[in-house]
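Here is a short report on one protein chain.

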Amino acid sequence: MNTKVAAPFAMHTKRTAGLVAVVVVASTVFVLGDAGVRAGVLATVAVGSVLAISSAIHRYRPDDSRCWWALFGASVMFMFGVSLRSDPTALNHSFPLLPDLFTLTGYALVGYALSRWIRDRQSIDDITPLVDAGLIFLGTLFLSWLLFISPALESPRSSASTVVNGLYPAIDA
């Protein structure tokens, strides 16, 4: 047994209880607080997530860390996208799609990480996981098109905004 790397749930009971307490308190403050408190909790959780991913990569040193660094980059992109979207005064009207650009870049990095994990986990002759993932993606994309994308395309928005907003349900599928 490799004792150098500990399992994530093999923590001390006090540490686990402390983590659960922090999550419960942060959730309560987020739900009951006003907009400023929610923004503070969201920023704290976002920065904490980025720091946790980074420190875990350095601590556990995976053999192929590219997937994990891609998730690190995606979390940073999502953090910037959400922060720019939540403060409309942060952007001037010259480039209103900048938050969407950050968010879509984050989705691309998550897709890269997932594709590498699928490719690393399958043998050369067995494409079953890839076919299953493709079928599930197509089914959910069809439902997303019917429920979200088609109505978004009929809205009275600008073309660029309509296309970008139509991408989110397709990616979330």
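## After helix H2

Arg61 follows H2 and has a positive phi, near 45°. Helices are DSSP runs of H or I with at least four residues, strands are E runs of at least two, and both are numbered from the N terminus. The model is predicted: local features need pLDDT of at least 70, side-chain atom pairs count only at pLDDT 80 or more, and totals for chains, interfaces and linings use all residues. Residues are numbered from 1 along each chain as its sequence is written, and side-chain values use heavy atoms, with hydrogens and water left out.

## Helix H2

H2 covers residues 35-60, 26 residues in total. From first C-alpha to last, H2 reaches 37 Å, close to the expected 38 Å. That expected span is 1.5 Å times one less than the number of residues.

Val41, Val50, Ser54 and Ile57 of H2 are buried. Buried means under 20% relative accessible area, exposed means over 50%, and partly exposed lies in between (1.4 Å probe, protein chains only). The buried residues of H2 pack against helix H1 (13-32) and helix H3 (66-86). Contact here means heavy atoms within 4.5 Å.

## H1 against H2

Two packed helices are described by the angle and the distance between their axes. The axes of H1 and H2 come within 8 Å and cross at roughly 150°. Axes are lines fitted to C-alpha atoms, for helices over the stretch in contact; angles run from 0 to 180 degrees between N-to-C directions.

Which residues make the contact? H1 supplies Ala26, Val29, Phe30 and Val31, and H2 supplies Val37, Arg38 and Val41. They divide into six nonpolar, no polar and one charged. Ala, Val, Leu, Ile, Met, Phe, Trp, Tyr, Cys and Pro count as nonpolar; Asp, Glu, Lys and Arg as charged; the others, Gly among them, as polar.

## Trp117

Trp117 lies in helix H4, residues 98-121. Trp117 counts as partly exposed because its relative accessibility is 22%. Leaving out residues up to four places away in sequence, Trp117 touches Cys67, Trp68 and Leu71. Cys67 is 50 residues from Trp117 along the chain, yet their C-alpha atoms are separated by 7.4 Å.

## The whole chain

The protein chain has six helices and zero strands. Of its 173 residues, 18% count as buried. Among contacts with a separation of 6 or more, 54% come from residues 24 or more positions apart.
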